[in-house]
Amino acid sequence: MPEANESLSQRPLRVVLVEDNPLDAELIVATLKRAGYALSFERVDLPEDFKRQLRYGNPDLILCDHNLHGWTGSDALKILREIKDDVPFVIVTATLGDEAAVEYIKSGASDYILKHRLDRLPAVVGQVLREKTHRVEEKKLHDLLVTAKRDWELTFDAVPDPVFLLDHEWRVLRANEVATKTLGKRFQDLIGQLFYEQVQGSVEDSGWHRLASLMEGREQRMDITVSRLNKTFDTYCIPLRDATGQIARFVLTLRDVTDQQRAEAELKASEEQYRLLFESNPHPMWVFDRETLGFLAVNDAAVKHYGYTYDDFRKMTVKEIRAPEEWPKLLDDIARKHGGLDSSGEWNHRTKEGRIITVEITSHEITFLGRNGVLVLSHDVTERKRMAEALKAREEQYRSLVEGTPIGIYRTAADGKILSVNAALLRMMRFPDRETALRMSSSELYLHPEERKQWAALMARDGVIKDFEVQLRRYNGEPFWARDNAHAVLGAAGETLYFEGVLEDISERKQLEMQLQQAQKMEAVGQLAGGVAHDFNNLLTIISGRSSMVAEKLNANDPRRDSVEEVIKAADLAAALTRQLLAFSRQQVLQPRILDLNETVANIEKMLRRLIGEDVALITSLDKTLGRIKADPGQIEQVIMNLAVNARDAMPNGGEVAVETRHVNLDPDYAVTHLNIAPGAYAMLVVSDTGVGMDERTRLHAFEPFFTTKEPGKGTGLGLATVYGIVKQSGGHIWVYSEPGKGTTFKIYLPELTAEGEPLPASGALPASSAGGTETILLVEDESSLRTMVREILAARGYRVIEAENGPRALELAAAQPQPIHLLVTDVVMPGMGGRELSEQVASRHPVMKVLFISGYTDDAVIRRGALRAGSFFLQKPFSPEAIARKVREVLDTPREKAAPAEP
């Protein structure tokens, strides 16, 4: 390695290349590397980049081209001098005139090199780096010299005693500030004057002649009284020799011992008082010999407290009142004592009876009876320490209880500043550490500031907060619900010192309450919607039926026929709306089958693509491990299509719809936070989009009938309500997740079957004939207009119809009927007696009878209790004359063994 690099502490040479030609830069770097330099370099060609390297790169050397794009090496040199003047700067350029070279050197450049003479570059770099090293070393030496001189002057002036520097004739050469203050003279008045004249005021009777031995090179020390100042000084004088060994100067120090001498006199006068204090002190005291460690004196308290007699103590050393294992510590403690008062902490002492006591020791070195002694005061803290340890144990138990409890505990100042929190509160609020919490105010944690004001008002009024439910904000910004119980801690004057409280996270409980409220609301809305649909279906059945009967009587060319057919179409549209209401209220009769949800999705995929349009991408992802479910295939298809249409409408500018299935196992933790869902295996159907999303208010109302965010005429608001009803009636659960601008995801959970059920139904069945017959039919319907219409439809096709307005009347007619009744056509829900109960009682008298249930309203609870069993025949209101005729013929023609019996 080059010599210059050896001073860089084994690190690479940091070079900034100010060069706009990358090839020239590579050539420069290669030249230095061949010379043995370990380089760390940055190439820049803009002033801003050059300034950044100077400020943050800490370079050792600048190699700069003369001509740059838009600026020159002179500009770079000016920038360098402004930012970091101590970095060597070398011009490396293709051409440079003598005048320009001279200007660079005058401006501070270290050297210059022509690019066709790059062989000189390593030597120049080594030279400028060595020069920089020399400059750094010279500056260090200069700084050391200046520092040493300044330190000497500061030390000289900082000496607390008067100090004089005198020549061999005793003239003052220098004096410190304390000297001028002591003598009451100005510094300039002392310089050059005879020292003893300035101090004593006259030559006579000065006493300074006793320092004559200084001329022989010996140090002198003595007490001299200065009557002019009324002080006595401990005088210490040291001769200083020059380079030839001759005494040239003296350093004279005066220490004022006036007060010390006075104190010594006073001490002698008070020794008797001190002796009395020693003897009468209630705490044990003794004096021991520093060399032998033997007791020299003990007071009465020591004799009484330790149990030894005076004679015992005089024969003992201080080691003997300590356990042997503490002797090394004792000897070390004595060895480090060098005068002054010393508190050497706690020790274990042993009494004559062998009892171990804990004492606090305070000692002071004294001269006692001409011997170097140590005066000791012993304070027994055994009981205090025991109480302190018990208190500490209780505090540790309390702290462990507070830190270990799962409920957040806090303490805040009267202004809201957080004073302390336990570990549970740190976790609850997501604080990164305790220090972060203690820098905050509790008011910063409230999601709604007005709730903080309400809290403060309650506290000011009652001094206590009980079960205060509030929304707070965690440190990461996440809102949550909490319950706060707190009280004010008051001072002696009744002022509030601080608040203490406990905080519980009740977010899960609040979430379940909201889910329960939503479920109850949806249930209530469903019951209302179902009731409306039931009554409306009866009316629609009459409207549709009577219109169809009128249409049958009109020939094809009758101009009135078009109007009648329009009435029939309107009734059909209204019937579709009531079916959606029944789906929402879970009061439609489903025809569940065991089915593969993946096949259902695959079968309607093409239809979905046409439905959502070309500007929306459809992505399907089907889980091959998915179990089978039991549901109505048509209804599940309707669910998927309704959700897909909603997704399309939420993406007016196109986007992406994803339909996926997945096998999931919902654990108890999930069930705890989602109302009415049981743990277990589910087939999950997910429909998500990249659309505009929903806010929280819209999301909460999404499944309600007739609620829509679309423009008038663009939607009925029954799409999602229908989805909700189908999912719930199929025994499933549906959740929606959405945020404005982040799209929407619907997750549907349908229970997977735990055992193989009935096979998938065969397709392609032909519709039943609507031809009439001669069988006897018992018709039971509480709506008279509807009952009359159905009777006329069936009678017109040759059937013998017996009609009844309710269950009891039907039982009377059935009991009085001698001939067999072939078919019971009954409404499912009627006042007093429902269709199932009626069918069971009539079947006991007419065992060959078959049953056809009709209804526009079937209560969900009745369905779940088995009012309709699998295989029962059912016709949904409203229906056309053709539909009722076809269904009656289908039921009558079905073999007895394939039809569900009338009884349960």
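Setting aside neighbours within four places in sequence, Val 657 is in contact (heavy atoms within 4.5 Å) with Val 616, Ala 617, Leu 618, Ile 619, Ala 647, Met 651, Val 687, Ser 688 and Asp 689. The model is predicted, so local features need pLDDT of at least 70 and side-chain atom pairs count only at pLDDT 80 or more, while totals for chains, interfaces and linings use all residues. Residues are numbered from 1 along each chain as its sequence is written, and side-chain values use heavy atoms, with hydrogens and water left out.

Val 657 is also among the residues with the most contacts inside the largest nonpolar core. A nonpolar core is a set of buried Ala, Val, Leu, Ile, Met, Phe, Trp, Tyr and Cys residues joined through side-chain atoms within 4.5 Å; buried means under 20% relative accessible area (1.4 Å probe, protein chains only).

| Core | Size | Residues included |
|---|---|---|
| Largest core | 36 residues | Leu 643, Val 657, Ile 734, Ile 748 |
| Another core, apart from it | 24 residues | Ile 418, Phe 431, Leu 445, Phe 480 |

Helices are DSSP runs of H or I, at least four residues, and strands are runs of E, at least two, numbered from the N terminus. Buried residues of H21 include Gln 635, Asn 642 and Leu 643.

Elsewhere, five strands form an open antiparallel sheet in the order S9-S8-S12-S11-S10; strands pair if DSSP finds at least two bridges between them. S9 (172–175) and S10 (220–226) are the edge strands, each with a single partner, so one side of each lacks a neighbour in the sheet. Seven bridges join S10 to S11 (residues 231–241), and Asp 234 in S11 is the bridge partner of Asp 223.

Note on methods
Buried < 20%, exposed > 50% of the residue type's maximum accessible area, 1.4 Å probe, protein only.
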